[in-house]
Every structure is written in C-alpha cells, then in structure tokens.
Amino acid sequence: MQHFNYFSIPSPCYVLESSKLDSNLAILEKVQKESGAKILLALKGYAFWRRFHNVRQTLSGCAASGIYEARLGFEEIGGRESQKEVCVFSPAFKPKEIAALLPIATHIIFNSFAQYQAFKPTIQEKNKQLQSLGLTPISMGLRVNPLYSEVTPLIYNPCAPQSRLGITPEAFAKGVESYGLAGIDGLHFHTHCEQDSHALERTLAHIHKHFGAYIPQMRWINFGGGHHITRADYDTTHLIALLKDFRQKYDQIEVFLEPGEAVGWQCGFLLAEVVDIVENDGSIAILDVSASAHMPDCLEMPYRPQCAKVSKDSSELEQDLGETQGAYRYRFGGPTCLSGDVIGDFSFNTPLCVGDRILFFDMLHYTIVKNTTFNGVPLPSLGVIENGAFTLLKSFTYTDYKERN
C-alpha cells in the first residue's frame, strides 16, 4: 500500500482493508476448529456490515447489546434458521425489547434474577411455538461478576467497585436459593478488554471458585469479549488449550467467545485531510476529523493513535516519529468547537502542508460504532480497499445529521 493513491479517497473516510480482515478471520476460524468453541462477532465493537460476507461464512454468529444490534446481526450474519447464534445481553430489558427479540434471538442473557423471572413466562411461551415448528428454542442465561478483572482504566472495567454489570457471587447464591436455576441454560461473564489468554486463565480461577458449583447444571458458558486473539503477540495455542480443558472439565460444555475488536483489529484506517495550520506555542494542524466525534476512544482511554502522512506531491507514506522525535512537530486537532478536541502530538521528517492526507491506523473498531454528529460535523464516508482498488460504500449527508436531532 506504499504507492496507493490516497488522494483518490474522499476525506474524511473510514477505510476497510479487506485482506487484513480476512487474515483476522483465518485466525479466529483456527481457534474455533481446534478448540471446539464458538466465536461470535460482538457488534458493539465492529459493525462494518457492508463487508460481512466472510464474517458470515467464518464465525458462528453475533453478540448484541440491544435490539438494533441483534436485528443487524440477524439480518447480515444470520439466525437460527441458518444455524447462526444471535446472543443478546443488556443490563436491563424493557418488555417491548423482549417482544422485539423473540423472533430473532437464540440466546437472551439477563443481568439479574429479577429480570429473568419477569420475562421467563414470555420466552417460555415463545419457545413452545418454536418447538412446534421444529425450531431451536431461545436459550436463557445469566451474567455473573467474578469480582476479578485486570482491565484499566476503571471506565472499561466490568468488575469495578459497584459495577452494574453481572451478578456477584453473594447475590447469585441468594438468587439460586430464592428461585433455583430451572430454565437457566448458561452463564456469561465479560471481564476483559484488549487482553491475552493468560489474563483469561487467571480469570477462570475466579469463575471456578465462585460459580464452579453451578456450571455442571449449564449447557453453555459465554466467556464474553475483550480477547485480543488476532493481535500479533497473542498466544492462541494457550487459548485453545484453555478452551479445550474447560470444555473437558465440564463434560464438553458449549463455550462461546464474543470478541469485537479482535475481528476488526488493524484492518482499516481513518483518512483525514489537513485543512489549516495555525501557530500557538507550536504548530497546530486542524483536520477534518474530530477526536470527540470520530475517534472517541482517543479521549476516553485515552490513547495516542498511530498515524502516517501523505504529501500532495508524493504517494509515499511517512510514518509518525512520535511526539518530539521528528524535525517537524504538530498537534493534531479537530474541527469542532470543543477546546479538548485534540488527537495528539505528532512529528515527521518533512513539513506538513495544507491539503496533505493523514492516515490514522486501526480505526475500524470502536470508532464507527461510537461516532457522533456533534457540532454538525459530517460523518466520515465508508469505503473499502479490495484487490488494490478503492470502492466508496457510503457517504453521509445533511439529512443524516438532521434526522438524528
């Protein structure tokens, strides 16, 4: 891609590199085949559905956090009729949401015994209908909190103090005492974020400790997301061994993993344009992309994304050299009125000019799904590079902004 014409891409634009997505899917497929576990795409992290054909062929279904994600997964990956899973969790469901999920969900996971008891009759009635048609009934589960997670910062930690996510061991024991586990098919935990299989191994010790007595009564266990399986240094051999050992320990119980970021990891970039350069105790490049609106994790985590620049008179990518290492240093800021709409400090060996292009790498996950039209800033277009050629898939207009308000 060193000689690709990046000026042929409209700016701003999220760009999928399809060959890199296929490489990620090949790794995930290997884990599925060798471990016997099922991998679901967590749509909260990666929802670039316009190129889901290989996702559909490779993965076992989707994990959704609400009705719209569930519907998207059902429509674009498949449901029970195509032997795909549509696994849905929410901290709390409304009756109308459960009603909307009944035709499409294969698994519904509750965050409390109270919610399970409230919706159990409705789901059981739907299951009678499904079984009469020879279709697989909806499986119900509970999310648990093992009181252990290695995730930082706390905003991303599902087991942080007073977390609303998952039933604690004490509350779970009380729930079992009050209601029993009849009708509950599985348990779900999600304690990871960009972590490796060794963090999972340490987490499983707490799952065994707090919930091991209940697992033999279950048909499935969902290990949640945050598993960075496609990262170059991830130990997939260790992960496969963990999954096989867990399944063997509990009589070949069905195991799900639901990564989102690992599917879209390093498979695309956000292309931006330098609109102006101003001076204030240093050079500040104002871009047509916003940290606040288009790259929110840069502010939430926070982190400084990797990037490269392309000059108007060259097709070569020039990698960022860090905040201060290069001879020409710039702060990148967005076009909104938020004073903190700053992407970070970057430097290069050659000067930056108005009209140059900037590529922010690894921007296909947790960016598109979280972007906004704050300040009326246009949403970036969506495109794909396949077989060396760029194709524009979607452009957004004023109507998209107006109809969101």
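View 1. The protein chain comes in two parts: domain 1 (6–15 + 268–363 + 371–403) and domain 2 (36–263), with bounds taken from an automatic or database domain assignment. Taken over C-alpha atoms, the centres of the two domains sit 35 Å apart. This is a predicted model, where local features need pLDDT of at least 70, side-chain atom pairs count only at pLDDT 80 or more, and totals for chains, interfaces and linings use all residues. Residues are numbered from 1 along each chain as its sequence is written, and side-chain values use heavy atoms, with hydrogens and water left out.

View 2. On the domain 1 side, E300, M301 and L393 supply 57% of the area buried against domain 2, more than any other three residues.

**View 3. A salt bridge.** Between domain 1 and domain 2 the count is one salt bridge, meaning a side-chain nitrogen of Lys or Arg within 4 Å of a carboxyl oxygen of Asp or Glu. Zoom in on E386 and R51: their side chains meet in a salt bridge at 2.9 Å, N to O.

View 4. Look for L299 in helix α11 (residues 297–300); helices are DSSP runs (H or I, at least four residues), numbered from the N terminus. L299 is partly exposed, at 35% relative accessible area, where partly exposed lies between buried (under 20%) and exposed (over 50%), using a 1.4 Å probe and protein chains only.

Key. Helices (H or I, at least four residues) and strands (E, at least two) are DSSP runs, numbered from the N terminus. Buried area is the accessible area (1.4 Å probe) that two parts lose on being put together, summed over both.
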